[in-house]
Structure formats: structure tokens, C-alpha cells
Amino acid sequence: MKPLNVGLLGIGTVGGGTFTVLKRNQDEIARRAGRAINIVKVADRDLERARQITGGNIALTDDAFDVVNDPNVDVVVELIGGYTLAKELVLKAIENGKHVVTANKALLAVHGNEIFAAAEKKGVIVAYEAAVAGGIPIIKALREGLSANRIEWIAGIINGTTNFILTEMREKGLDFADVLKEAQRLGYAEADPTFDVEGIDAAHKLTIMAAIGFGMPMQFDKAYTEGISNLQGEDIRYAEELGYGVKLLGISKRTDKGVELRVHPTLIPEKRLIANVNGAMNAVVVKGDAVGPTLYYGAGAGAEPTASAVVADLVDVSRAQLIDAAQRVPMLAFQSSELATLAILPIREINSAYYLRLRALDKPGVLAEVTKVLADRAISIDAMMQKEPADGEDAADIIILTHITIEKNMDAAIAEIEALSAISGKVTRLRMEELGR
Ligand code: NDP
Ligand code: HSE
């Protein structure tokens, strides 16, 4: 059979990994795909580096449109990142009748609805396994493996950079800035690392998973996003003392009132496997009504792990190209006519358990005042811990774990607690998830 001709846009971390994996495993890949998959043209801004990686036998250009307009290219692999040019290139490739493989979660979370609509109209495929959780085949699991289930919730460590930072800070006592530099050196971080640190990258990935899990359009603008830049080391330590790990989690739940779509640092019981996922590794738990909770674990970033997903998409495209468009696995898991716009709940309407840390004067009656505020709002306490005041100080840290309540109740309780004369400073609030059932 005629080989599948691939045009590569961007031969940086993931593009370089894709080139290497395709070359190293070409025979094995061809045996699976039923034909050879060849990169025939590469666009990159740095032609010299591109030449070094490709060895000089492949057509190179610094104009990405040369690739998407090349009639010899069957599939365009977009690995340059960003929203603006990447969107133009992907839409142009689709217009030219080419299939697209991309690792660009930002592009899909923000412009995915338009891109998938254009692809469907043209009868081409946009494949995006690498866009979520790097090398973990979570898109395939959600879209195909779990298709018997009504998905109830999805929760994941879906940003390798922040998981790497949290792990190194906890295990080695390293500085935030130093660990971030190392994550950048290893190729995990986004071009703008605030996307990683502030939870935006995780929210992009969560948006995609929620869309295909629940059968709804991408609604990234409604996602609640809170990163790790304000996370204090003492909270990680106190959480550990209480039997919890702290992870940046993306959580999406289907509720009677709407869909929760939120990224934030989260306490998870240490006994859960996902609480023990460290370094740049990712893990996603998906709860289906029939199968129960299922866990997917693997490398979430880096050249070859991400290339693994890109190349798997190429194999899928190679096979699906031969099938009538209507018979293919729907790009967004559900038939496009069956997508429903489910309401995304604002953060004040979500339900969660909470970790609270407050600084209180060490005198009689203070705890009673605090617990009264919680009791008045029907917030039930699960556990409490008081630390000894440091030498010469008269205030102590009190840590309270609560049962589940609605966030707006907790907002009001925190405002009241902060107003108590015996409490100094702000109350630290972290959300907690059991992730059990
Ligand atoms: P890199 O920055 O390492 O690679 C991007 C490459 O594209 C660079 O070589 C860059 O050149 C080139 N490029 C940028 N703009 C243009 C342009 N206009 N024309 C031609 N070439 C261009 O990024 P990554 O490989 O890390 O990421 C690529 C995509 O994959 C992103 O969408 C990212 O979010 C996603 N991704 C990344 C993962 C990772 O682990 N790194 C994991 C999963 C997804 P130059 O260096 O000169 O700018
Ligand atoms: N910057 C991302 C991460 C790359 O750290 O997880 C993988 O999507």
C-alpha cells in the first residue's frame, strides 16, 4: 500500500521525539499500520537544528504553510504550539483535505469546537491523543474503552511540570524556581511556564477530557483555575501529617445541577494510588457507572512519551483513512449531532471537603468560636489538629478538615472566621477529594 506521507510542523521537543520514534520503530509501526508512515517534509524556524535532527534527507522549510499546502502531504502533524498560527495552519490543512494530528491542548481547548466542526465538514480527522497526559492513552480509553459507561467523574494529575515541582520540593527541599528551571531543561514545561504553574495547561487538558467524557462542547472559558504558586510548604507538611498528599488536580464531575470543571491544589488520601504519583508522571482516574473507578498512569510530558501518542494517532489515521467518515470513531467520542451543552458550575456552586489552616490566639474559647461558625453553616468537622505556638509566640496554627459542603457556604464561613478577633491573617483553604467511589 502507498505510504502515509506526513508533514511535520515544528521539530522541537515533541517533534524531535516523533521523528526519532518513527525512525527507530519504523518496521514495527508499518506492520501495525499496514503501510509505511514517512515524514516527507518538516517546517521549523531553526532550519539548521532541523537538519541536524533529520540528517538532511528530508525536505525542510521555514514556512509552515509550505507543508500544509503540499499536495504530497496526507497528514499534518502540528507541534509548534500556541493558538494563533497553529489555528490558521490546522484550519488550512483541513481546508486542503488533510488529516491533522496535534499535541496542542491549548489550541483544542480554546478553538476545538471550530476546528472539529471544520474537520467533520471536510471529512478529515483531527487526532489529539498527545494533547492530554502525554504518553497515556487516555483519549482512547475515554473515547473507546469506556464507551459502555455513563462517565460520572474524571480527576487527574495532568501537568507533569507542576507534579515534578511539587515532588522535588517535598522530597529534596528544593526551591520552586530551581525546580521549574530543571523542568524547562527536561522539556516538560510549556513555552510560557505560567501555563503550567497557574493550572492553565491542566485546565486545557481537563476541558478536553470533560468534553469527550460527558459529550459536550469544549468550555475552557468556564473552567476554574488555581495553580500552585501560592501553595505553602507548611500546608504540604500538615497534610502529610494528616495522611494526605497534595497534588494539582484537574477535576470534572457530572452533578444534577451541572458539570464541575476545576483545577486546583487538592488533598488526596495517601492510600489512593494517585496520591503516590510523583515526578513528571501523570495519572487520571475515570469513574464510569458500570466499571467503577479506573486509573491510567504514565509519563505525561517529554519528547518520546509524547511522541508515543503522536505516532499512535498516525497509525489510527492511517487505518481510519480507509474507512468511510461516518463509520469512524467520532472525534469527540459522541456523534457530533448528540453533543449537549451542559452548564458548567461556577466554583461557588461546587461541592467539596476542605482543609483549613488558621492562625489563632492560644487562649480558651477560640476553638469554640471557630467551630460555632462552621456549625452555624452546617459544615461538619472531620478532623482537627492544633500545633504548639512557636517559642515566644501566642498564636498557633489550627488545621481543620471538614466534610463535604457547598463552596459558597465555605466562603461565607471563612469570611466570618477571618473576622474573629482571635484569628490573625487569612485562612488558608485547600479542597480535598476522596476519589474512592
Ligand atoms: P518546542 O518549543 O520544543 O517545539 C516547537 C518547535 O516549533 C520549535 O522547534 C519551534 O522553533 C518551532 N516553531 C515555532 N513556531 C514556528 C513557526 N511559526 N514555524 C515553524 N516552526 C515553528 O515545543 P514542544 O515540542 O514542547 O511542544 C509542542 C506542542 O506539544 C505544544 O503544543 C505543547 O503544548 C505540546 N505538548 C508538549 C509536551 C512536552 O512534553 N513538551 C507534551 C504534550 C504536549 P523555535 O524553537 O525556533 O521557536
Ligand atoms: N507542560 C506540560 C506538562 C507538557 O508539564 O505536563 C505536557 O502536556
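**Notes on the model**

1. Let me start with one residue: Asp-316 has a relative accessible area of 21%, so Asp-316 is partly exposed (buried means under 20% relative accessible area, exposed over 50%, partly exposed in between, with a 1.4 Å probe and protein chains only). Its salt bridge partner is Lys-140, with the closest N and O atoms 2.9 Å apart (a salt bridge is a side-chain nitrogen of Lys or Arg within 4 Å of a carboxyl oxygen of Asp or Glu). This pair links distant parts of the chain, since Asp-316 sits in helix α13 and Lys-140 in helix α7 (residues 138-145), 176 residues apart. Lys-140 is partly exposed too, with a relative accessible area of 32%.

2. A word on conventions. This is a predicted model, in which local features need pLDDT of at least 70 and side-chain atom pairs count only at pLDDT 80 or more, while totals for chains, interfaces and linings use all residues. Residues are numbered from 1 along each chain as its sequence is written, chains are lettered from A and ligands numbered from 1 in the order in which they are written, and side-chain values use heavy atoms, with hydrogens and water left out.

3. How are the domains laid out? The assignment gives domain 1 (4-135 + 303-338), domain 2 (138-298) and domain 3 (349-432); such bounds come from an automatic or database domain assignment. Between domain 1 and domain 3, the C-alpha centres lie 50 Å apart.

4. Next, the sheet. Six strands form an open sheet in the order β3-β2-β1-β4-β5-β6, with parallel pairing. β3 (59-61) and β6 (126-127) are the edge strands, each with a single partner, so one side of each has no neighbour in the sheet. Here helices (H or I, at least four residues) and strands (E, at least two) are DSSP runs, numbered from the N terminus, and two strands pair if DSSP finds at least two bridges between them. Strand β5 (residues 99-102) pairs with β6 in the parallel sense over two bridges, and Val-101 stands opposite Ala-127 in β6.

5. Which helices pack on this sheet? Helix α3 (residues 47-54) touches β2 (37-43) and β3, and its direction makes about 160° with that of β3. Helix α13 (residues 303-320) touches β1 (4-9), β2, β4 (75-78), β5 and β6, and its direction makes about 160° with that of β5. Contact means heavy atoms within 4.5 Å; axes are lines fitted to C-alpha atoms, for helices over the stretch in contact, and angles run from 0 to 180 degrees between N-to-C directions.

6. Back to charges: the count comes to 37 salt bridges. One of them joins Asp-74 and Lys-2 (3.3 Å, N to O). Asp-74 lies in the loop between α4 (64-68) and β4 and Lys-2 in the segment before β1, so the pair ties together parts that are 72 residues apart in sequence. Asp-74 counts as buried, at 16% relative accessibility.

7. Within helix α3, Arg-51 and Glu-48 are three residues apart, about one turn of the helix, and their side chains meet in a salt bridge (3.2 Å, N to O). Arg-51 is partly exposed at 41% relative accessibility, and Glu-48 is partly exposed at 44%. Elsewhere, Glu-226, Glu-407, Asp-411, Arg-429 and Arg-431 are linked in a network of salt bridges.

8. Finally, is Asn-104 buried or exposed? At 6% relative accessibility, Asn-104 counts as buried. Asn-104 lies in the loop between β5 and α6 (105-122). Leaving aside neighbours within four places in sequence, Asn-104 is in contact with Glu-78, Gly-81, Gly-82, Ala-86 and Ala-131.
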